[in-house]
Amino acid sequence: MPEGDTIFRAARTLHRALAGQTVTGFESVLPKLERVEIDSPITGRTIEKVEPVGKWTLIYFSGDLILLTHMLMSGSWHIYRPGEKWHRRRDDMRIILRTEKILAVAFKVPIAEFHTADSLRRRRVFNQIGPSVLAEEYNDAEILQRLRRRPESTVGEALLAQSLLSGIGNVFKSEVCFACGVHPFRLVATLTHNEIECLVDTARKQLSANVLESSTDGPVTYSGARRTRRTSDDGARLWVYSRQGRPCRRCGTAILTRKQGPGVRSTYWCPECQPMVGEKTVTGWAGPIPWRSSGSK
Ligand SMILES: [Zn+2]
């Protein structure tokens, strides 16, 4: 599943490429979207802005029309110059948005809908999305409160619950827990205020830093190499994610993994650096790890 940072990065790139331009052509293989082009053409409208909301991308057109897409596992938006060769198969194309200079192509987006501001407000699932940890109007107090509303949930599940706060995907879930020394299977109820604050703050820092690493041109893809460690070694850019059985970069203990939550997503942690509260005493724990520091292992 694409993480919030990649959606954000893509939305920003799309915004830069499309905002202020007039649509010169619209194509879709999705009958419902095609119908809109026939009934109230997208061609001729101005693209006002492109915005990420959690894992959704919203493209706003003049005349109260919004294209909502969700990437789920396989979808992506690419930007091409007219005539440029595509990086994905034509069969995977779902939407083409043309302007004079740019071709924005959505490949395999599983959800794509047109909305007015009104119908978007009424769309239930969309409205259940919590504040994005990357949103400018990001509100610490509100996010802390939202997490507290799920005391019986495990920390790992709560971080992925898009209704609580949006943007954190499966990779950052494990990385954020590690950075804060929090066992991902602890219940939210057992978290101290400082721990919750650390989780939210670290999530924001890690995700923002990955946004800043975006490039301004080229195709927009969702396979960007996420990193939570500053190192030139690409094989060492994460602390725990996908490192089961390998030594913790901080203490050398073997990293563990277990499926978690109804989505059975893999979770990774170091049993030494992230003890279960009450199960083990914390040894050598010196507060959260500044995420940018490079480990020695
Ligand atoms: Zn460790």
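Trainee: Does Cys-270 count as buried or exposed, and at what relative accessibility?

Mentor: Some ground rules come before that. This is a predicted model, where local features need pLDDT of at least 70, side-chain atom pairs count only at pLDDT 80 or more, and totals for chains, interfaces and linings use all residues. Residues are numbered from 1 along each chain as its sequence is written, and side-chain values use heavy atoms, with hydrogens and water left out. Buried means under 20% relative accessible area, exposed over 50%, and partly exposed in between (1.4 Å probe, protein chains only). Cys-270 has 0% relative accessibility, so it counts as buried. Cys-273, at 6%, is therefore buried as well.

Trainee: Which cysteines form a disulfide?

Mentor: A disulfide is a pair of cysteine sulfur atoms within 2.5 Å. A search of the whole structure finds one: Cys-180 and Cys-198, with sulfur atoms 2.2 Å apart. The torsion about their S-S bond is about -90°, so the disulfide is left-handed. Cys-180 is buried at 5% relative accessibility, and Cys-198 is buried at 14%.

Trainee: How many residues does the largest nonpolar core have?

Mentor: In soluble globular proteins, nonpolar side chains tend to be buried together. A nonpolar core is a set of buried Ala, Val, Leu, Ile, Met, Phe, Trp, Tyr and Cys residues joined through side-chain atoms within 4.5 Å. The largest here has 27 residues, and those with the most contacts inside it include Phe-61 and Trp-77. Apart from it lies another core of 21 residues, among them Leu-144 and Cys-177.
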